[in-house]
Amino acid sequence: MGLLYKSTRSGRTASASEAILKGLSEDGGLFVPETIPALDKAPEELGKMSYQEVAYEVMKLFLTDFTEEELKSCIAGAYDEKFDTEVIAPLVEAEGVWYLELFHGKTIAFKDMALSILPYLMITAAKKNHVDREIVILTATSGDTGKAAMAGFADVPGTKIIVFYPKNGVSPIQEKQMLTQKGDNVLVVGIHGNFDDAQTGVKKLFSDRGLEKEMLDAGYQFSSANSINIGRLVPQIVYYVYAYSRLLTEGRIGDAEKINVVVPTGNFGNILAAYYAKQMGLPIAKLICASNENKVLFDFFSTGEYDKNREFVLTSSPSMDILISSNLERLIYHISGDDPVKTAQLMEALARDGHYEITEGMRQKLSDFYGGYAEEQETFDKIRSLYEDTGYVIDTHTAVAAAVYDRYREETDDRTPTVIASTASPFKFARSVMTAIDPGYGDADWDDFSLVDELSRIANVKVPAAVEEIRTAPILHHTECGKDEMEAVVKKFLGI
Ligand SMILES: *Cc1c(COP(=O)(O)O)cnc(C)c1O
């Protein structure tokens, strides 16, 4: 029997390929696996495999309606020379912890890990389900998803992709990366609002039944490349399994020794993948959820109350500037004992009041998690001190995680070997990173690209191709809109 996916807000089920095609369930819920499959290979064995082979061993357990041939071909298409290292996700030791570098793909952020494979999974899923309509990928981005999704879907036959980003809420390099994206099937739109406005607007378009009908009549159907799509989540489980297995076979951790995982968190997708890896049997002890000053998740783990009614702070880690962490809904569903009625109630409260509180019983099931946050200054201090101690330069998001981990170590004295998810290349946030190292780089005579070159010099790391490419690339996109105009923009692009 294949593994089925259930909506978090009803009993509705879907196969893996149907869930990938839909993105979101009709009832507004997210698809979750009915059960979490157990790893059927020992980490000792997985540790001898390539990234691609581990990807197959993990993904076959979740995407059970894909044939071996289909899945292997998706994996081979995704994890190839687009990545600038053969190991795909290298582990780098600094100050006694391992940084799992997830930024060696096309757009130098961890979103590439899943978005390199999602287009292949989606095209395969469409074929399996005899879908002949064009698939329109609709995506809200806090900066990194948009570029990674466009890079994956650009000129993929049978698809179009529309990306909404907060006009004043992304880094200059992130924005330039998006606005220079080529591809006839691509539209990028800067909205006058923040990321939550973009995400809420996209969700609204997804659940608009009138619009859906118009789309169907015109030969289109929506899908999502956001981390609400299970096709994003499953490929993210792979690198935790890979990292653990590598540490084990390379003798860096002992037999059956557990690791802690620290994840700089925004929409809760990356850390949820680590949670699923743990449920599969991977020896993970603590899941350390690191937030920036938008610390809604820290408050949630400390009090059992989720409250998005607060000021939205623009930080130097923009991909984590989020007050509604969509994937938390999946965790809520699991800790409620897979109760769609309870989950739907809480999510309705969130939509209505911006606030909900979980029960004491649910709270007890959160003991695997530790929530922490880092303020801007702590984040900058961490970038500087790590560079001064070791010469290793990390980006602002990874630095939030590293700062939270330092505080966790101090508080708990927990000596468990630890992996920090390193989610972006420092080159993507060169200005923030360089001024953290030395405020002198904040002077007006340093432009973004001279900072990139200077970073390359002091860190002794080559400028990544993704940054080289946009240095002189022309701006191809100029669309902006108010947060109430998203539907009109979509219709105009599709000609309906
Ligand atoms: C998206 C992103 C995050 C947050 O990941 P989630 O899965 O949304 O929690 C962290 N860091 C970077 C660089 C990102 O692009």
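## Helices α7 and α8

On the α7 side, the contact (heavy atoms within 4.5 Å) uses Asp 144, Gly 146, Lys 147 and Met 150, while α8 brings Gln 174, Gln 177 and Met 178. Sorted by class, that gives 2 nonpolar, 3 polar and 2 charged residues.

This is a predicted model, where local features need pLDDT of at least 70, side-chain atom pairs need 80 or more, and totals for chains, interfaces and linings use all residues. Numbering starts from 1 along each chain as its sequence is written, and side-chain values use heavy atoms, leaving out hydrogens and water.

## Helices α12 and α14

Now for α12 (residues 269–279) and α14 (residues 328–335): their axes come within 9 Å and cross at roughly 35 degrees. Leu 272, Tyr 275 and Tyr 276 of α12 meet Arg 330, Leu 331 and His 334 of α14.

## His 104

His 104 sits in the loop between β5 (97–101) and α5 (111–115). With 12% relative accessibility, His 104 counts as buried (under 20% relative accessible area, with exposed over 50% and partly exposed in between, using a 1.4 Å probe and protein chains only).

Its side chain has a polar contact of 2.6 Å with that of Asp 84, and another of 2.7 Å links the side chains of His 104 and Glu 101. For a polar contact, N or O atoms pair up within 3.5 Å; within protein, one must be able to donate a hydrogen and the other to accept it, and residues adjacent in sequence count only if both atoms are side-chain atoms.

Technical notes. Helices (H or I, at least four residues) and strands (E, at least two) are DSSP runs, numbered from the N terminus. Ala, Val, Leu, Ile, Met, Phe, Trp, Tyr, Cys and Pro count as nonpolar, Asp, Glu, Lys and Arg as charged, and the others, Gly among them, as polar. Axes are lines fitted to C-alpha atoms, for helices over the stretch in contact, and angles run from 0 to 180 degrees between N-to-C directions.
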